[in-house]
Amino acid sequence: MYRLKKPIHDITQFTAILRSLEYDNPLGCVRYAVRRRGYPPVRRVREMYTAKFEYRNERGKRIGTTIEMYDSAEGYETGIAAVISNMANSASHRGKPRHLPEKDLFSVMLQCHDPHGELYYLSIARDRITLSSYTDNTIKKRIEEWADTVPALQ
C-alpha cells in the first residue's frame, strides 16, 4: 500500500488520474482476451464515490448529517446538486444542506493486464493506492515510479 502524504484534492484531480491511467496507459498494460471476449489494457471494475453533507439551522447550528454514495463520478456530481436543491429533504431536516467536499471519499479499482501476462488490480482512493493480485515485483516498481511522476499524488 502506498499512503499519500495528502489526499487527492477533489473529484477533478481524481478523475484526471484515472483517465490518464486508462487512456495514456503509463503502466504499459496490454489488451487481452478470454473466451473470445476482448478486454482493454486497463479497466474499471469497481467505483465508489461518497459525498458528505451537514444540515444547519437558521442560527448556524449543525442539526444533522448525511452521506450519499454513488457508483460513478457523474452520479456523484449530479447527486450533490440534487441533495442541495431538494427542498423536501431540507424541510425534513429543518435546515439547509452544506456539502463538505474535504470529507468526501473516492475509490476505484482498476484491473490491469501486464505485458508478461499477469492480471493485477490497482485500487486508487483519495488517500492511498493499493496493489493486489500480483507476483512480479517489477509491477510494484513500475507503479511506484509512475506515482512519483504524478503531482497530485505527492
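The model is predicted, so local features need pLDDT of at least 70 and side-chain atom pairs count only at pLDDT 80 or more, while totals for chains, interfaces and linings use all residues. Residues are numbered from 1 along each chain as its sequence is written, and side-chain values use heavy atoms, with hydrogens and water left out.

**Helix 4**

Helices (H or I, at least four residues) and strands (E, at least two) are DSSP runs, numbered from the N terminus. Helix 4 takes in 12 residues, 137–148; at 1.5 Å a residue it should span 16 Å, and its end C-alpha atoms, 17 Å apart, agree with that. The expected span is 1.5 Å times one less than the number of residues.

Which residues of helix 4 are buried? They are Ile139, Ile143, Trp146 and Ala147. They cover an arc of only 100° around the axis, which puts them on the same side of helix 4; the arc is that of the directions from the helix axis to the C-beta atoms. An α-helix has 3.6 residues a turn, so residues three or four places apart point the same way. Buried here means under 20% relative accessible area, with exposed over 50% and partly exposed in between (1.4 Å probe, protein chains only). The cover over these buried residues includes strand 1 (2–3), helix 1 (11–24), strand 8 (119–125) and strand 9 (128–132), where contact means heavy atoms within 4.5 Å.

**Aromatic rings**

There are six aromatic pairs in the structure. Rings of Phe, Tyr and Trp (its six-membered ring) pair if their centres lie within 6.5 Å; planes under 30 degrees apart count as stacked, over 60 as edge-to-face and the rest as tilted. Two of the pairs are set out here.

| Pair | Centre to centre | Angle between planes | Class |
|---|---|---|---|
| Tyr32 and Tyr39 | 5.1 Å | 20° | stacked |
| Tyr49 and Phe106 | 6.2 Å | 45° | tilted |

Tyr49 belongs to strand 4 (residues 42–56) and Phe106 to strand 7 (residues 105–113), so their pair ties together parts 57 residues apart in sequence. Tyr49 is buried at 0% relative accessible area, and Phe106 is buried at 2%. Ring pairs also link Phe14, Tyr49, Tyr76 and Phe106 into a cluster.

**Strand 4 and its partners**

Two strands pair if DSSP finds at least two bridges between them. Strand 4 runs antiparallel to strand 7, joined by eight bridges, with Thr50 partnered by Leu105. Strand 4 also pairs with strand 5 (residues 62–70), antiparallel over eight bridges. These two form a hairpin with five residues between them, and Gly60 in the turn has a positive phi of about 90°. Glu54 stands opposite Thr65 in strand 5 and has Arg98 as its bridge partner in strand 6.
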